[in-house]
Every structure is written in C-alpha cells, then in structure tokens.
Amino acid sequence: MIANVGRDDMLVARVRRIADEVVALHADDVDRAARFPVEAFDALREERALSALVPESLGGGGASFESVATACFELGRRCGATGLVFAMHQIQVAIIVRHLDDAPWFEGYLRELAGEQRLIASATSEVGTGGDLGRSIAAVERDENGSCTFEKRAPTVSYGSYADDLLTTLRRTPDAEPGDQVIALTHATQTTLEQTADWDPLGMRGTCSPGYVVRARFGPEQILPTPFPRVAAESMVPASHILWSHVWLGIATDAFDRSRAYVRSLAKQRPGDRLPVAQRLSHLMTDLSLLRAEVESGLREFVDASQDPARERLSTVASALRFNNLKIAASEQAPRLCQGAMGICGIAGYMNGTPFSIGRHLRDSLSASLMIANERIHETNAGLLLIAKDV
C-alpha cells in the first residue's frame, strides 16, 4: 500500500508540473487555433503518464484510478481540452485493463501501449442512433479469409487524427440486434478516417473532434472478449462521468481562483473598503465546494464498487442512476460557476488576455452538457426510475 501511495503521489506531482509549466503556457494558443495540444502530450508521454493505469506486470505505472482522476483535474485547471483528451484516453485504457479476461492479444497490446506511450481514441457515438451508446448500426463483418472489417459513420471522433489506436463499438455481426454490441481496438495503420465535417466549435477546441466515416480491417483477436453492455455498465459509463467531471471541476476551480485573485487585487487597491464582490465570492466558493463534494463522492463509490470481485453493484439500476446524476449535476454546475466567476471579475473576466480572463473556461464548460446529451440521460433515468425498487 505504501508503494502504491508513492507511485500515485509521483504521478500527480509529475502531471501537476506539466500542467503548470507546459499546459498553461500553450492553453490560449490551443484554444485560438483549435489545434491539438501537442506540447502537453509530448510531455505526458515523456513522463509515461499515458500508461499510468496499466498494471506494472505489463510494463505500466500501476497507478490507482483515484490518482488518474486527480491528474485529470490538474490538467483541466490549466486547459480544459488537454484535460479532456487525457481523460478520454484513460477511459479507454481502463476499459481494456478492467476487461482483459486473459486475452493474450490485449495483454500484448497493453505492453505496447506502455512501451510506446500510445494514445487511444474512441468511436462510440454513431449517426442514426440518436446518441444512444447502447445501440449500434455498424457491425463487424468477416471476409472469406477470416479478417474483420467495419464501416461506421461517427458524428465526432475526438482527437481521432492524432490517436495511435481506436476503440469502436459495433454490432457483433450484421444480423445482430442493435444492442448486441462488442468493442474492437484497431491501430491507425488498420484504420482510415474520412472526415465529414469541419472543426470550429465554441469550446473544447483543442480536442479536434470532427465527424468521420471510420473504416477498418483487423483480426478477430482485436475484439474485446467482454460484451459491450457489461463494459459500458462496469467501466465506460461510470469512468467517463467521473473523469470528465474531474476535468470540469478543474475548469471551474481555475475560474474561481481567477475571480478570487481579482477580488484580492481590488482589496489591495482599496484597503479598508467593504467590497460587495467579496460576498459574491463567498457564495461562489460554497457552490464550488458542493460540486467538489459531488465529484469526490462519485469517485469513491466507483472505486469501492470496483473492489468487489464481480463488480455487481456497478450493474444495478441504482448505480446507473448515481453516475448519470453525477454527470448531469457536474455538467450543469461547472458553467454556472464559470459564469459566476466572470460576473465577479466583470470586464476583466470578459476580456481575453487578462490575468482574470474566464471566456475560455466558460466556453469549454458549456460543452459538458452535450457530451452524452443531458436530455438523453434524463430520458434514460426516467425509464430506470419506473423500474427501480430502491434509489
């Protein structure tokens, strides 16, 4: 346990240093140019942070999920897009690590990931499914030589052009039901991406997430043995909501820090004066504390449930509602906090290029409610509440 704590502390310290010394330096340019945060991921690769969740026995860092969540928070404080890309990569790593089921190909892949610091993206959303991750149109097809192929039209593939590998959800066979899904891992050399849309969004511009038609040819051993519905319930959905929420909490925390710095600068200029904005800052701190408590509580519940041998709690209706609610609450509260911080800073927060600028924070946080749309989650929750015996 002491050794684990030491590894976790070192990971967080290394990522925090990268966030402060590299990510913060390039965040505004990444945003303006809507470009991938190359410098940040070069630094993260150098520190072997991309394999933090890979077990030591497979060459990885053997870090805890909690330390990776903290790393997402630290990166999100300096650049929301960088934090989100890091979080999405770690979600894919967690899926593979948690659902290996003694699959030799995937064990070998994790060794490659650790050795080469490979970056994984995902293609889970699909045109025609209405944003429902539990349904797929594209299917795994097999040719006469036993190779697998697919073609999937994805409305977004975050950092797809910069990833080394891609995890894609698909129907098991062309005859399978939409919910009979598997997840396949393909290398960039096995995959073609035909871009179908430009990328000029309001926020999270550095995630570089246009739409693509994704095509791949690969071996059957590259299909994860665990059925996707179980992967989604035990890993993808809760891990996504938790790591995303840590990024959003990081964005909101930096917005609060900037508003606090602004109020302190006023206090230095007007010593002894009562500042109405100081009281507003206190209210904002209370709201930030509530968001932090919600995010930390969700993390703890996921970690505790994951320690059960069968992880049965993660497949319950109550668990689905819990992590869905975490996503909704965090994605709605983060932009409110950023807007509150901007209100305190006034024109200094509204303008770009000041020490108190909060425009990027607000724009990035507004994307949160669209990542698995909150209305889609409310629709799911409504159905779950009708069958739940105890919530």
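This is a predicted model: local features need pLDDT of at least 70, side-chain atom pairs count only at pLDDT 80 or more; totals for chains, interfaces and linings use all residues.
Two or more lining residues come from each of α4 (80-98), β1 (120-123), α6 (228-269) and α10 (359-366).

The second largest pocket has a volume of about 570 Å³. It is lined by 27 residues, with Ala-232, Val-237, Ala-320, Asn-324 and Thr-380 closest to the centre. At least two residues of this lining are supplied by each of α6, α8 (317-345) and α11 (374-387). Helix α6 contributes the most to the lining of the second largest pocket, namely 8 residues. Helix α6 is also among the elements that give two or more residues to the lining of the largest pocket.

The linings divide by residue class as follows.

| Pocket | Nonpolar | Polar | Charged |
|---|---|---|---|
| Largest pocket | 19 nonpolar residues | 14 polar residues | 3 charged residues |
| Second largest pocket | 15 nonpolar residues | 10 polar residues | 2 charged residues |

Helix α2 spans residues 38-46, and its residues Ala-40, Phe-41, Ala-43 and Leu-44 are buried. Viewed down the axis of α2, the buried residues fall within an arc of 155 degrees, so they line one face of the helix. An α-helix has 3.6 residues a turn, so residues three or four places apart point the same way. After α2 comes Arg-48, which has a positive phi, near 60 degrees.

Key
Residues are numbered from 1 along each chain as its sequence is written. Side-chain values use heavy atoms; hydrogens and water are left out. Helices (H or I, at least four residues) and strands (E, at least two) are DSSP runs, numbered from the N terminus. Ala, Val, Leu, Ile, Met, Phe, Trp, Tyr, Cys and Pro count as nonpolar, Asp, Glu, Lys and Arg as charged, and the others, Gly among them, as polar. On a 1 Å grid over the protein atoms alone, a cavity is a set of points where a 1.4 Å probe fits but cannot get out, and a pocket is an open set with protein on both sides within 12 Å along at least five of seven lines; lining residues have an atom within 4 Å of a point. Grid points are joined across faces, edges and corners, and a volume is the space filled by probe spheres set on the points. Buried means under 20% relative accessible area, exposed over 50%, partly exposed in between (1.4 Å probe, protein chains only). The arc is that of the directions from the helix axis to the C-beta atoms.
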